[in-house]
Amino acid sequence: MKNLKILRPFVLLGSFILLSFYSEPVYLIRIPKGDPTQWSLLAELRVDVAQELETCFIARAPRDDFRFLRENGVRFAILDKDIRGKEYFLVRASSRDELPELQVQGRLIEVESGTLIGWTTAEDPSSLIPPDVARKPLPTGSILSYLRRPSPSVAVQEYQAVKDNLVQFMVDLVSRENLRGLIQGLESFQTRYSSTPNCEAAGDYIFQYFQALGLDPAFESFPFGGAYSSRNVIADKRGETDPQKILIICAHYDSTSDIPTVLAPGADDNASGVAAVLEAARILRTYAFDFTVRFIAFSGEEWGLYGSRNYAAQARNRGDDIIGVINLDMIAYANLMPEDLELFVNSDSEWLAERFRIAAGEYSGLRANKFVDASMVYSDHAPFWDTGYPALLGIEDGPLTNPYYHETTDTVSTLNFDFFTAATKAALGTAAELAQPVKAGYPRSPTRLTAQTYGYSSLFNTIRTVYLSWTASPDAFGYNIYRSSASHLNYQKVNSSPVQSTAFVNTVLDADKFYYYVVTAVGGGGLESNYSGEVEIEPILASSSQGVSRGASSLEGRGKR
Amino acid sequence: MTRKSFGAAFIFFFSVLWVYPQTFSIRAGGGIMFPQQASFRHVYGNAYPLVIEAGVRLTRKFGISSGVNWISNNGRAWPLDQGQDEFPVHFKMISVPVSVFYEFPGRLGGVPLGVTLGLGISWHSYKETWETFELSYQDNKLGPLVYAAVDFHLFSRVGFFTSVRWESVPTGQESLLGGKINLGGIQLLAGVAFYFR
């Protein structure tokens, strides 16, 4: 008996070790999208949301949280009972039969029409998906903090643009012959499939092109597929007024086919996008802009957006202030003329598509169609969505109609250069407008606009007072303050005459809306600068996660203090 | 709406009086209301209602009553965070209660009195206004009420009354200050009563 007593501490220690190794399994669940208040409810419940799709969220949750979710009215379906040791992919496929290898070694479930989620415990899961099938790995971190209620779309639809003659001058410099030469140059590598030396050589080619333009490019290396690495190529046209604000125009330079390591010319997918980015760099480098224009050629896209995932995650970690991302992927094939350009955005990026759509019509005569579709996640804009940055995908068709897509026959001879030139002009015009050309004789835009808001509530109504401040602009005689309920669109002046100081207080009476402010400097002769960077005012939500009910409130004018 | 309601109440009572020419009383008074909801108290504190009511006995102890109840209060918007600004707000509510009551006659120190228990329904029209903005909210709702009153018949036609009344005014709206808004509470009222037989 005495010997048994001696054993007690060891038994206790053993139990403790066993307990520490045990961890509760985490489930993969599908949450159907509900009304707009669901956004804040998920945030309040701290649900680990991994992916937003058009009709649902994909989330991770331990079983203990299920009752909590149900009690709060969150409906969900279990997709997988234990996520440990697995890698998940979203796959765009017309049927499960397209993915026989993944079906054998893992599982495949349709989460919404046209979107499958697959998983496997294989060491290199990407190799189980045929190289010509579009895929997106599920983010390992939560995207919850970047989820927001959709912005009101009414204001977006009413956007009226003002054509800028300087931007038109830049757009008119786009050269069809340059574009053709760039595509031929990229096609000449035979394949640009990531993991091949040819892909790295194509990266060098892009790097040297930027260098020849007088830019100062850089490589950004990233690992992928277990044993490989590749490089993004990045070059900046630094902003003159507020260089911390960055507009990105990007495309992936890697390619694929059914024999990707041997032959994948990828003229449309995606030498076209890269050529547009390089042509934009050639033209925009000679002009001065308020904000930095960043040109990026990503690699690893066809493997699962590895280059852009790496870049977007690092940008978020650095706290980069990215205004928007214009991702061009397959913009040179026209199944019939006149061909339209399709713009895919999530709800937070709708403004970007609207600005692109209007600029396309204004500067290049191209018709662009806007689609708000969070399920279109199979190109390099998607990692920016996952990290809370506005981004759009510009693509010739959705669904694709190019019969040479991911084929060895995707060559320059199949492309339509009328459409391609117009698409490039549209992208360049949008980028130039958003980066804001600096014009001689005009005052510089104010910088470092910040906003502090305070909310006040009576029984039935809530208001916010917004305290704005900014850094003075040289040669400014005063400032104008503009406000909108849609980001980057339809700003309305809120002051009656130019403000002399660098601070302003404004009261907004609709507490459950987003508001956006910008400031301009007014110089001699009444000339007005470009807009400053934008600040966002978030809505005040009731503690019960219900939006503020407006009832029969009348909001008849702007308040005064 | 308010004018129509007054008119309807007026016609109703005089019709009743004409059909049942029995005891008729008019009461006028005021008092204090303790709002039941914390957010109401935060913004406006206690309210001070004024009341004019008419009652008619249909039998010796059973009758009906109606009138007008008026509340007007000033308050200030409550900061939701660290804000230091002052935003005055104003609240007014006009209520038209209709109730049935049962009266127990009695005496206290030689003074005849009547103890009344009543219940009914009240129509409330309310409006909240921000005084420095053109921002307001108005609506109307029905709510239940119960009360107990004591009438001291000091003279044959004039007396004194006191009552305690509970009203609930669910608005169906949520307040950022917390919970669903109910404008009701407990009222302590007192005033003069006139009796016509």
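In which strand of chain A is the place of A:Leu116? A:Leu116 lies in strand E7 (residues 115–120) of chain A, where strands (E, at least two residues) and helices (H or I, at least four) are DSSP runs numbered from the N terminus. The views below come from a predicted model, in which local features need pLDDT of at least 70, side-chain atom pairs count only at pLDDT 80 or more, and totals for chains, interfaces and linings use all residues. Residues are numbered from 1 along each chain as its sequence is written, while chains are lettered from A and ligands numbered from 1 in the order in which they are written.

View 1. A:Leu116 counts as buried because it has 23 C-beta neighbours inside 10 Å; by the criterion used, a residue is buried if 20 or more other C-beta atoms, placed from the backbone, lie within 10 Å of its own, exposed if 12 or fewer, and partly exposed in between. The C-alpha atoms of A:Leu116 and A:Arg135, which are 19 residues apart along the chain, are separated by 9.5 Å.

**View 2. Helix H14 (residues 417–435) of chain A.** From its first C-alpha to its last, this helix of 19 residues reaches 26 Å, close to the 27 Å expected at 1.5 Å a residue, the expected span being 1.5 Å times one less than the number of residues. H14(A) is mostly covered, with 17 of its 19 residues buried, and just after H14(A) the residue A:Gln436 takes a positive phi of about 65°.

**View 3. Packing of helix H9 (residues 267–284) of chain A on H14(A).** The two axes come within 10 Å and cross at roughly 50°, axes being lines fitted to C-alpha atoms, for helices over the stretch in contact, with angles that run from 0 to 180 degrees between N-to-C directions. That angle makes H9(A) oblique to H14(A), since angles under 35 degrees count as roughly parallel, over 145 as roughly antiparallel, 65 to 115 as roughly perpendicular and the rest as oblique. H9(A) passes H14(A) in a right-handed crossing, a term used if the near helix is turned clockwise from the far one by less than a right angle, and left-handed if anticlockwise. Among the residues that meet are A:Ser272, A:Ala276 and A:Glu279 in H9(A) and A:Phe420, A:Ala423 and A:Thr424 in H14(A), contact requiring that C-beta atoms, placed from the backbone, lie within 7 Å.

**View 4. Packing of helix H7 (residues 176–187) of chain A on H9(A).** The axes of H7(A) and H9(A) come within 9 Å and cross at roughly 130°, which makes H7(A) oblique to H9(A). The crossing of H7(A) past H9(A) is right-handed, and the contact includes A:Leu179, A:Leu182 and A:Leu186 of H7(A) together with A:Ala271, A:Ser272 and A:Glu279 of H9(A).

**View 5. An open sheet of four strands in chain A.** The strand order is E20-E19-E22-E23, with antiparallel pairing, and two strands pair if DSSP finds at least two bridges between them. Strands E20 (492–493) and E23 (535–537) of chain A stand at the edges, each with a single partner strand, so one side of each is left without a neighbour in the sheet. Strand E19 (residues 478–484) of chain A and E20(A) pair over two bridges, and the bridge partner of A:Arg483 in E20(A) is A:Gln492.

View 6. B:Val146 counts as partly exposed because it has 14 C-beta neighbours inside 10 Å. Not counting residues up to four places away in sequence, B:Val146 touches B:Gly118, B:Leu119 and B:Trp166.

Key:
Two residues are in contact if their C-beta atoms, placed from the backbone, lie within 7 Å.
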